[in-house]
Amino acid sequence: MKSTLLLLALCATAQAAPPPSFFRALHIVETSGRTGAILGDGGKALGPLQIHKAYHADARIGGDYARCADLDYSRRVVSAYLQRYAPAAWAAGDVVTLARVHNGGPRGASKPATVAYGDKVARLTK
């Protein structure tokens with residue numbers, strides 16, 4: 001019985017996610033809430049959440065990179081990427097770590113250059 005409850009708790013945690021305000025905060029930080037085919041980072045990032053081609057490929061959701069211009073599709077890409085590279089932070093709803101990984105790649109949470117970005121997203125998530 002105890003092992004069944006533990007298994008159920010683990011399954012429920014694996015399905016947890018950051019609050020919806022996390023995605024709104026990313027959107028504000030990345031593009032001031034604009035939508036569409038916004039190019040950033042010298043033309044290397046696309047859309048409301050500023051997704052790079054390698055990030056899109058790493059998310060492994062399929063679909064054409066050009067779809068990153070759509071906010072809903074971009075959210076799906078970011079969700080898949082963060083669940084792949086920061087599953088514990090995803091399950092815990094750790095918006096600072098998730099923001100830092102979004103900004104700095106798979107090891108972004110350990111990069112000093114992503115601290116201010118993570119803090120800014122966290123402030124806007126509240």
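1. Arg 60 sits in the loop that joins α3 (53–59) to α4; helices here are DSSP runs of H or I with at least four residues, strands are runs of E with at least two, and both are numbered from the N terminus. Its phi is near 60 degrees, a positive value in a residue other than glycine. For background, most residues other than glycine have a negative phi, and most peptide bonds are trans. Arg 60 counts as exposed because its relative accessibility is 62% (buried is under 20% relative accessible area, exposed over 50%, partly exposed in between, with a 1.4 Å probe and protein chains only).

2. A word on the source: this is a predicted model, in which local features need pLDDT of at least 70 and side-chain atom pairs count only at pLDDT 80 or more, while totals for chains, interfaces and linings use all residues. Residues are numbered from 1 along each chain as its sequence is written, and side-chain values use heavy atoms, with hydrogens and water left out.

3. Asp 41 also deserves a look at its backbone: phi is positive, about 50 degrees, although the residue is not a glycine. You will find Asp 41 in the loop between β1 (39–40) and β2 (45–46).

4. Now the overall layout. The chain has 7 helices and 3 strands, and along the sequence they follow the pattern α-α-β-β-β-α-α-α-α-α. Of its 126 residues, 40% count as buried. Among contacts with a separation of 6 or more, 35% come from residues 24 or more positions apart (contact means heavy atoms within 4.5 Å).

5. How do α6 and α7 pack? Helix α6 (residues 95–104) meets helix α7 (residues 115–125) at an angle of about 130 degrees, with the axes 8 Å apart. That angle makes α6 oblique to α7. The axes are lines fitted to C-alpha atoms, for helices over the stretch in contact, and angles run from 0 to 180 degrees between N-to-C directions; under 35 degrees counts as roughly parallel, over 145 as roughly antiparallel, 65 to 115 as roughly perpendicular and the rest as oblique. On the α6 side, the contact includes Val 95, Val 96 and Ala 99, and on the α7 side Val 115, Tyr 117 and Gly 118 are among the partners. By type, the residues of this contact divide into 7 nonpolar, 4 polar and 2 charged (Ala, Val, Leu, Ile, Met, Phe, Trp, Tyr, Cys and Pro count as nonpolar, Asp, Glu, Lys and Arg as charged, and the others, Gly among them, as polar).

6. Helix α7 has a contact with α2 (residues 20–31) as well: the angle is about 125 degrees and the axes are 8 Å apart. This makes α2 oblique to α7, and α2 passes α7 in a right-handed crossing. Residues of α2 in the contact include Phe 22, Ala 25 and Val 29, while Tyr 117, Val 121 and Leu 124 are among those from α7. The contact of α2 with α7 comprises 8 nonpolar, 2 polar and 2 charged residues.

7. In helix α6, Leu 98 counts as buried because its relative accessibility is 0%. Not counting residues up to four places away in sequence, Leu 98 touches Pro 18, Phe 22, Leu 82, Ala 86, Ala 89 and Trp 90. Its C-alpha atom is 7.7 Å from that of Ala 109, 11 residues apart along the chain.

8. Two serines of α4 are worth a visit. Ser 74 lies in this helix (residues 71–85) and is buried at 0% relative accessibility; its side chain reaches the backbone oxygen of Cys 68 at 2.6 Å. Beyond its neighbours within four places in sequence, Ser 74 is in contact with Pro 48, Leu 49, Ile 51 and Cys 68. Ser 79, also found in α4, is buried with a relative accessible area of 16%, and its contacts, again leaving aside neighbours within four places, are Phe 23 and Trp 90.

9. Lastly, Gly 93 lies in the loop between α5 (87–92) and α6 and counts as partly exposed at 22% relative accessibility. Gly 93 and Ala 17 are 76 residues apart in sequence, yet 5.6 Å apart C-alpha to C-alpha.

Note on methods. Polar contact = N/O pair within 3.5 Å; in protein donor to acceptor, adjacent residues only side chain to side chain. Left-handed = near helix turned anticlockwise from the far one by under 90°.
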